[in-house]
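Student: Can you go through this one with me? I'd like to start with a sheet and then move on to other things.

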Amino acid sequence: MAYDVIVLGSGPGGYVAAIRASQLGFKTAIIEKENLGGICLNWGCIPTKALLKSAQVADYIKHADQYGIKASGEPDFPAVIKRSRGVADKMSKGVQFLMKKNKIDVLKGFGKIAGKGKIEVTDGGNKQVVEGKHIIIATGARSRELPSMPQDGKKIIGYREALSLPEKPKSMIVVGSGAIGSEFAYFYNTMGTKVTLIEFLPKIVPVEDDDISKELEKNFKKQGIEVMTSSEVTKVDTSGNGVKATVKTPNGEITLEADILLSAVGVVANIEGIGLETVGIKTEKGKITVDKYYKTSADGFYAIGDCVPGQALAHVASKEAIVCVEAIAYGEKKYNHQPEPIDYNNIPGCTYTYPEIASVGYTEKAAKEAGYEIKVGKFPLSASGKATAAGHNEGFVKVIFDAKYGEWLGTHMIGYNVTEIIAQTVTARKLETTYMEVLNSVHPHPTISESVKDAIEVAYGEAIHL
């Protein structure tokens, strides 16, 4: 069977690439060895958000008296996990529908490059070779394993097992405080598990602005999560009923005991065994090297998502998919203009802990290191009417502007529902909006979004509500 475009992998990069290719008139196939939707829909973004919603509801019930309501309830852990899996299944079926709607052939099995323009698909004992003029590699990534913490899926687990434990552990050590580690730390703590969060670097959520990291650590400790920074797990003993982790800390070596250890120390690209060497596709530091339109070193092959350099985020993979396919279509005269390459400094990041984190652009430290003279405004959500009425006045909105030209360099937020409002900064930065244009735009009241305007007023000495 011959196709115009073959996509290897059906995550948020792969299935979006396939749909866009079909929309632009390409005969398209997608190859997937597991469930459509990839890690994001089945074992990542979507099921974790379902778990975190259950945690939020449990937290509401726990503090219902603060809203003048009498309520009581104990989390039914297996039911929480079952709901999460149901949400993931529904979304995966939604992708199946989209494949049919867009007349995309779904080839079940493991895809491996078999030569120029050829992919061998193995499903059990069956093998077939399909041909494609353009082949897009979107194989994603998996949980990174460290030698000191070899995952056995039972006592030392990765994010997949953390999403489907049969029963709630009484205690858990979470190693790594990026988005995955911090979200699971919040979830399990809210479910009633005693959680210890360990981070090798000096601060948790290390990619965030320093003020954000400090605020989340303060809130985590308030919630009962034990936080250990500048600490490293050097050895894990699983010979007993649970785990014994040897931890090197600034104050010396200690041993921690727990039922389970969750390793959340990042991800590694799925590029082994897919035949890259067959056509000479180059890699560097465990990622496939590509140009700004996602062409690899081999003619006719492209790569997007977590298997290429850049932020390992679902929305990044989806946008890379569209840019990649539209560039292919432009070259085939099926599209009327060359797509604009992605500005990776304007990619929003969200962490769905409580409180939530959302950020985009330069941190204060990075802006200074880049040579900008800056104006910084910080508006506490304790001064927000909406946040106070909602009973969630933790956190703040922080904005960073270039003092010389008024350019919006970055926004960093931690608080109630902030993941829903970061897009306004992304769009404004894309449009090269200045601080004055935002201040001249009327924001609705009462909302969390108006706190962005309030923070800008603080930066320019025009604060009204503070």
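Student: What's the strand order in the open sheet of five strands?
Tutor: This is a predicted model. In it, the order of the open sheet is β20-β21-β24-β23-β22, and the pairing is antiparallel.

Student: Which strands stand at the edges?
Tutor: β20 (349-351) and β22 (374-380). Each has a single partner strand, so one side of each has no neighbour in the sheet.

Student: And by how many degrees are neighbouring strands turned against each other?
Tutor: By 10 degrees on average, ignoring direction.

Student: How many bridges are there between β21 and β24?
Tutor: Six, in the antiparallel sense, between residues 356-361 of β21 and residues 408-415 of β24. Within that pair, A358 is opposite M413 of β24.

Student: Which strands does helix α12 lie across?
Tutor: Helix α12, residues 423-430, lies across β21 and β24, and its angle to β24 is about 180 degrees.

Student: What about α14, which strands does that lie across?
Tutor: Helix α14 (residues 450-459) lies across β22, β23 (396-402) and β24. Its angle to β22 is about 130 degrees.

Student: Changing topic. How many cavities of 30 Å³ or more does a search of the whole structure find?
Tutor: One. The largest cavity holds about 30 Å³ of space.

Student: Which residues line the largest cavity?
Tutor: S143, Y159, I180, S263, A264, V265 and G266.

Student: How does that lining divide into nonpolar, polar and charged?
Tutor: Four residues of the lining are nonpolar and three are polar, with no charged residues.

Note on methods:
Residues are numbered from 1 along each chain as its sequence is written. This is a predicted model: local features need pLDDT of at least 70, side-chain atom pairs count only at pLDDT 80 or more; totals for chains, interfaces and linings use all residues. Side-chain values use heavy atoms; hydrogens and water are left out. Two strands pair if DSSP finds at least two bridges between them. Helices (H or I, at least four residues) and strands (E, at least two) are DSSP runs, numbered from the N terminus. Axes are lines fitted to C-alpha atoms, for helices over the stretch in contact, and angles run from 0 to 180 degrees between N-to-C directions. Contact means heavy atoms within 4.5 Å. On a 1 Å grid over the protein atoms alone, a cavity is a set of points where a 1.4 Å probe fits but cannot get out, and a pocket is an open set with protein on both sides within 12 Å along at least five of seven lines; lining residues have an atom within 4 Å of a point. Grid points are joined across faces, edges and corners, and a volume is the space filled by probe spheres set on the points. Ala, Val, Leu, Ile, Met, Phe, Trp, Tyr, Cys and Pro count as nonpolar, Asp, Glu, Lys and Arg as charged, and the others, Gly among them, as polar.
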